2 protein chains.
Amino acid sequence: MRYADRMQHIRASEIRELLKLTEQPDVISFAGGLPAPDLFPTQQFADIFHDVLAHEGESYLQYGTTAGHNPLRASIATRLGKTSGVLVESENILITNGSQQGLDFAGKLFLNKGSVLLCESPTYLAAINAFKAYEPRFVPVPTDREGMIPDFLEEIIRNEPDIRLAYIIPEFQNPTGKSWSEARRRRIMEIFSRTEIPILEDNPYGELRFEGKTPPSLMSLDHKGQVIGLGTFSKILCPGLRVGWITASEELISRFDLIKQGADLHTSHLPQACIQRYLETCDLDAHIASLRTVYASRRDAMIQALDRHFPEGLTVDPPSGGLFLWAALPEGTSARRLLERCLDLKVAFVPGGAFFPEGGHENTMRLNFSNMPEPRIDEGIRRMRQACLSL
Amino acid sequence: MRYADRMQHIRASEIRELLKLTEQPDVISFAGGLPAPDLFPTQQFADIFHDVLAHEGESYLQYGTTAGHNPLRASIATRLGKTSGVLVESENILITNGSQQGLDFAGKLFLNKGSVLLCESPTYLAAINAFKAYEPRFVPVPTDREGMIPDFLEEIIRNEPDIRLAYIIPEFQNPTGKSWSEARRRRIMEIFSRTEIPILEDNPYGELRFEGKTPPSLMSLDHKGQVIGLGTFSKILCPGLRVGWITASEELISRFDLIKQGADLHTSHLPQACIQRYLETCDLDAHIASLRTVYASRRDAMIQALDRHFPEGLTVDPPSGGLFLWAALPEGTSARRLLERCLDLKVAFVPGGAFFPEGGHENTMRLNFSNMPEPRIDEGIRRMRQACLSL
């Protein structure tokens, strides 16, 4: 049996295989991007699912429309006006199976084999993997603490004639937790506005800001329909229902609709209807406020634990929100080797090298702080230190 | 903005646009492949979703594994042993968002641009659309009432060096409702077994047999792991939850797992857990038996209505199961033009020409009989006759 050529690029990640070992409950995992399950509105969903099924079950167990449940599309559009400062209607929203599906669809819509895709470096591993199915050439744009560096971006745009997509996570970036400065957002959008390059703005964590003011989204700075937004309920409600969305011009949404017809017809209908019911009858803003409180305190606990257990040698850039903390071991230390030792001590994280499309940066690591309560965070960091000393 | 080359092939279907008009409740629709919503186990699901969420909500609102909920994979494997005569384990099952997603993934796994894809003619429209994203060349294999014609298949295999996939719906085929004979299944599998061509056996309707004995599945006749099965709960439980599956060798499942990681991480977790609970606590076989009774009676009602209202001129080949009846108007009559007239009278169906990759056959049509109660079926066929007379 012969596979398609693209399968050469779609390979099992060594790290993912390692991390499969971390699924036992006795492992302290800083690895995944998992929200805290004890904060899910579980009881509210139990009542909502029962009520929606009992009264409107026939509708929501039947096929739905490809673009998604219309009242939910409208709610998302309204909410985006409030949270991201963008003026959109339900016609600008297409519901996806989590925002991961939006990554796949953007690849399908824009990328030919060999097309250039611009991204940050480091960037979200699973996005790279989604795009690889379309065999683009990844061109990482050098970044500093404020975001992509304008001079490098301009130079790349001058030298690369076939750039088909730019993938950006400006808010609490995965893996670094970085939030792009407002000035940099404006400057980068000004550069892109001179081109026709579509910009995919992935924003799963934007509402999880612990302090400071949210800078304008790239979409709110876009005056020509160039930005495509990806959003999700995974981090603000729960990830298991797989409900995310694409925000774009009506013309682009009609293309994504055709892609989704072929890919899976539509997203599971009942979860869409039940999330809509949650938005109508519960207080999502209050729920998000409580997530922020808990996650900020877990972030603080992790920073304190790192200070306590690693008195020398770790470079940490504390994030103002999101789920991740990015840290660098002393130059020359291998985070992959550290992970192997850590797994023996039942603690896990993701080595940072995996997030760099061009390789290198083997001394970096991504630590998730949202999934574990404070005492486990401290114990996990203590074990990491112990593993470090045995390297 | 420039789209990828593949988007030239992914276009809105004129018929789909027409059929959007049929979504009002006063339209009698024979168009979609919709199961009867009044037969969904709605109340049982209301209790199950409540119970699963109340007791295990934290698990099923959290991320799940890419291949799917393990107990459900095991249940499907066991059930396939009973219904399709295949010996598989949970490791041979990957859960998809409906079987439509299995079509997309098979395209992604096997098809390069220009690869040859063998299919029946006519065949399932949405499968063609899923595969088009991978830009294959469709080579329809001529079929008769028993299935693909062996001589033609052998000739095509001799002449086409780059066949990468064969797509077959041997049981209650969409759109014709035809079930391949056992002798033909054996002969075709014997021919394929001399090649390495993967065979995608799509079987959404197999359990909806009204009379006669189910012939062996292609997978049960496969001795070298060449057949990939697609299955779904859409027609035997409900389509809105979007839970289907791929059945294949462990090696192939590991490839599909990588593809699914990139495509959407996993299928909605809670619906998988609730379908599993349904399988554990309810009687799916009894439920399917009641579907068979209702759908057989609706099929009969449609055949009688066609006899009554079209005393001359319609060629109908009554199916022994499934959801569809295939009919031919007199040569030279355009089913597309008939549809336009029918829409004025608020009755809808799908013109058959759309199902032929090579075009033609404009006098054929596909009529769904599962979604409407008997009196509406009779009234709908009466209106179709009226529309016909006005052509």
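Which residue in S10(B) does Ile93(B) stand opposite? In this predicted model, the residue facing Ile93(B) is Thr247(B). Strands of a sheet pair through backbone hydrogen bonds, and the arrangement may be parallel or antiparallel.

Strand S2 of chain B is also covered on both faces. In a regular strand the side chains alternate between the two faces of the sheet. Ile93(B) and Ile95(B) lie on one side of S2(B), Leu94(B) and Thr96(B) lie on the other, and all of these residues are buried.

Leu252(B) is placed in helix H8 (residues 250-264) of chain B. Is Leu252(B) buried or exposed? Leu252(B) counts as buried because it has 21 C-beta neighbours inside 10 Å, where the cut-off for burial is 20 or more.

Four of its strands form an open sheet with antiparallel pairing, in the order S11-S12-S15-S14. The edges are strand S11 (315-316) and strand S14 (350-351) of chain B, each of which pairs on one side only. S11(B) is connected by two bridges to strand S12 (residues 324-328) of chain B, and the two run antiparallel. Within this pairing, Val316(B) has Ala327(B) of S12(B) as its bridge partner. Helix H10 (residues 284-309) of chain B packs on the sheet, where it touches S11, S12 and strand S15 (364-368) of chain B. The direction of H10(B) makes about 20 degrees with that of S12(B).

Chain A can be considered by domains. Its domain assignment gives domain 1 (5-41 + 286-389) and domain 2 (43-281). The centres of these two domains of chain A, taken over C-alpha atoms, are separated by 24 Å. Their contact takes 29 residues from domain 1 of chain A and 32 residues from domain 2 of chain A. On the side of domain 1 that touches domain 2, the elements giving two or more residues are helix H10 (284-309) and strand S12 (324-328) of chain A. H10(A) gives the most to that side, with six residues. By class, the side of domain 1 of chain A that touches domain 2 of chain A has 17 nonpolar, seven polar and five charged residues.

The two chains also meet. Their contact takes 61 residues from chain A and 60 residues from chain B. On the side of chain A that touches chain B, helix H2 (42-61), helix H4 (98-110), helix H5 (125-132), H8 and helix H9 (269-281) of chain A each supply at least two residues. The largest share of that side, 12 residues, comes from H2(A). This side of chain A divides into 33 nonpolar, 17 polar and 11 charged residues.

One helix pair spans the two chains. Helix H8 (residues 250-264) of chain A packs with helix H4 (residues 98-110) of chain B at an angle of about 100 degrees, and their axes are 5 Å apart. H8(A) is therefore roughly perpendicular to H4(B). H8(A) contributes Gly262(A), Ala263(A) and Asp264(A) to the contact, while H4(B) contributes Gly98(B), Gln100(B), Gln101(B) and Asp104(B). By class, this contact of H8(A) with H4(B) has one nonpolar, four polar and two charged residues.

Terms used. Residues are numbered from 1 along each chain as its sequence is written. Chains are lettered from A and ligands numbered from 1 in the order in which they are written. This is a predicted model: local features need pLDDT of at least 70, side-chain atom pairs count only at pLDDT 80 or more; totals for chains, interfaces and linings use all residues. Axes are lines fitted to C-alpha atoms, for helices over the stretch in contact, and angles run from 0 to 180 degrees between N-to-C directions. Angles under 35 degrees count as roughly parallel, over 145 as roughly antiparallel, 65 to 115 as roughly perpendicular and the rest as oblique. Two residues are in contact if their C-beta atoms, placed from the backbone, lie within 7 Å. Ala, Val, Leu, Ile, Met, Phe, Trp, Tyr, Cys and Pro count as nonpolar, Asp, Glu, Lys and Arg as charged, and the others, Gly among them, as polar. Two strands pair if DSSP finds at least two bridges between them. A residue is buried if 20 or more other C-beta atoms lie within 10 Å of its own, exposed if 12 or fewer, and partly exposed in between; C-beta atoms are placed from the backbone. Domain bounds come from an automatic or database domain assignment.
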